[in-house]
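Q: Can we go through the helix and sheet packing in this one? Start with whatever terms you need.

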Amino acid sequence: MGEDGTPSPLPQLRLDELLDELQARIDAARGTRDRVHSLLEAVLSVGRELDLTQVLRRIVEAAALLVDARYAALGVIGPDGQSLSQFLTVGLSEEEIAAIGPYPTGKGILGELIRHPEPLRLAELSAHSSSYGFPANHPPMRSFVGVPLRVREQVFGNLYLTDKRGGAQFDTDDETVLATLAVAAGVAIDNARLYEESRRQQRWLHASAEITRSLLSGSPRGEVLELIAERAREITGAELADVSVPLPGTDRLTVELAVGGDTCVRRGLTVPAEGTLSGAAYSTATPATSADLDADPRFTAGPRRFAGLGPAVAVPLGVASGEVQGVLLLARPTGDPTFTAEEIGPLLGFADQAALALELAARRSDAEQLALLEDRDRIARDLHDLAIQRLFATGMTLQSAARFIDHPGAADRVVRAVGDLDETIKIIRSTIFGLRAREQDAAHSLRAQVALAVGEAQEALGFAPQLSMEGLLDTDVPAELAEQVMAVLRESLSNAARHARADRVEIVLRATGTDVVLTVTDNGVGLPPDGRRSGLRNLAERAEKMGGTFEALSPDGHGTRLMWQAPLTGA
């Protein structure tokens, strides 16, 4: 009571304070309850997904919502354990992401969490000693909290959150909530990876069965290789798949099969074994990987054909047989995850199937070649035993009869006929030598070399070229000139495969008695008026060196005809 007998206001004040404190505690309890409820909802939301990419997206979105952060990101640590192989963001628009440029790789504060996988909370990002600054067009960020994501005690990646809304700082409760979410996220990521692995194995098994059926049914080599490359590209999510094989007698590889992307540009390309990803796999007989194929400083040799591509793997074909027969190259777009050991393992088994396809095709080709050679031997024997003997006997008969012909004109005609018969016998003998030329004699037989080169070009062209040979190519053409003819032929076929986009190529090689003439004609796009002419200059220089001529034409602007001529006597 007061001195005047009125009630004192102090108890009422204390009651108001107690009520305010009680209300604050109720609000705090309600806030804690709501936060726990949100955390449980986030855990359930993350756990419901089985697709790994969607799981990661749900995790980073839930983290931003739980701590009321303006920006959030999830970085997946790459196989090297020192950089980020994948980066997902929340809070940035597509325009802002494009303006900033490439995603971070793990420097600065992001790298601090990679090196020291413990929760990190900062009031000011720039104040930390590891602060690396921001790239141009990056929005300003101040407060920061980050926690690692562990899967089976292994650090999978990190959660990064910045700028709590309202200008407040991240507190201990925020850190605790994120750490709890990270535990649940680790379980969800593990489940998604296991599910993805089981689905991938199932797809590999189905693909292997499909390829086995194709092999046993006797499908052509090209079809089997294309099936293998296509299935490998689909299962691994690659943008493109190339199968390269070694060029005999060189240290280079040629792209025999290209699937996905710009196939016309890649198919038929030759690349060095040194300084290329495919070459590294071929030389070491082990898989070779790259996190960014287009910018990898280790692989700068050869034509640049990987713009916009990032993670890549090259797997050797035929390692189990002890001899590498080729390389399967797979590449993903820039920004996609790198190839993991779990993905490369099944690829090795797949590569063995590709090697088996190459081996079976080689054996089948050998069998067909043996049958062809046996048939040629029979034809050669028939030509020698029947045709040549009869022609020789006819020539001798005419030569003997010429002595009894009194008319000078008639006698000259008979003599000329005898000479024609001798020339015909020479041509038939040259044909017999060509028929009996084995692959091991290819270095000495121009006909055999030309036929072999044209056959090898079939894969790069995608169809069989038409070949015609006339004259005494194996007897009249000197070795040096034959070497130049082969170089010109290979260059012409390579140009047709890479640039012509043709579906018909005709090769005519003639020895006229004084000259050798090689003509290569296609029905492609023709010679571009402002295109590169270095290859054509090489052909012209070879002709000039041998005292001959070279001509390149595009009749009516369509198709190309290359005519290379040199005298048989040399320059």
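A: Contact here means heavy atoms within 4.5 Å. Axes are lines fitted to C-alpha atoms, for helices over the stretch in contact, and angles run from 0 to 180 degrees between N-to-C directions. Helices (H or I, at least four residues) and strands (E, at least two) are DSSP runs, numbered from the N terminus. Two strands pair if DSSP finds at least two bridges between them.

Q: And what sort of model is it?

A: It is a predicted model, in which local features need pLDDT of at least 70 and side-chain atom pairs count only at pLDDT 80 or more, while totals for chains, interfaces and linings use all residues. Residues are numbered from 1 along each chain as its sequence is written, and side-chain values use heavy atoms, with hydrogens and water left out.

Q: OK. Which strands does α11 lie across?

A: α11 lies across β12 and β13 (505-511), and runs at about 170° to β12.

Q: What is the strand order in the five-strand open sheet?

A: The order is β12-β13-β14-β16-β15, with mixed pairing. β12 (466-470) and β15 (549-553) are the edge strands; each has a single partner strand, so one side of each has no neighbour in the sheet. On average, neighbouring strands of this sheet are turned by 5° against each other, direction ignored.

Q: How do β15 and β16 pair?

A: In the antiparallel sense, over five bridges; β16 covers residues 560-567. Leu-553 stands opposite Arg-561 in β16.

Q: Which strands does α13 touch?

A: α13 packs on the sheet and touches β13, β14 (515-522) and β16. The direction of α13 makes about 10° with that of β14.

Q: At what angle do α11 and α13 pack?

A: About 15°, with the axes of α11 (446-461) and α13 (479-500) 10 Å apart. That makes α11 roughly parallel to α13; angles under 35 degrees count as roughly parallel, over 145 as roughly antiparallel, 65 to 115 as roughly perpendicular and the rest as oblique. The crossing of α11 past α13 is right-handed, meaning that the near helix is turned clockwise from the far one by less than a right angle.

Q: Which residues in α11 meet α13?

A: Among them are Leu-446, Val-450, Ala-453, Val-454, Ala-457 and Leu-461 in α11, and the α13 side includes Ala-482, Val-485, Met-486, Leu-489 and Leu-493. By class, the contact of α11 with α13 has 14 nonpolar, one polar and one charged residues. Ala, Val, Leu, Ile, Met, Phe, Trp, Tyr, Cys and Pro count as nonpolar, Asp, Glu, Lys and Arg as charged, and the others, Gly among them, as polar.

Q: Why do residues three or four places apart point the same way?

A: An α-helix has 3.6 residues a turn, so residues at that spacing point the same way.

Q: How far does α13 reach?

A: α13 has 22 residues and spans 30 Å from its first C-alpha to its last, close to the 32 Å expected (1.5 Å times one less than its number of residues). Arg-501 follows α13 and has a positive phi, near 55°.

Q: Switching topic. What is the strand order in the six-strand open sheet?

A: β8-β7-β6-β11-β10-β9, with antiparallel pairing. Here β8 (270-272) and β9 (288-290) stand at the edges. Neighbouring strands of this sheet are turned by 25° against each other on average, direction ignored.

Q: Which helix packs on that sheet?

A: α6 (221-236) packs on the sheet, touching β6 (240-246), β7 (252-259) and β11, and its direction makes about 75° with that of β7.

Q: How do α5 and α6 pack?

A: At an angle of about 175°, with their axes 10 Å apart. That makes α5 roughly antiparallel to α6. The contact of α5 with α6 has nine nonpolar, two polar and five charged residues.
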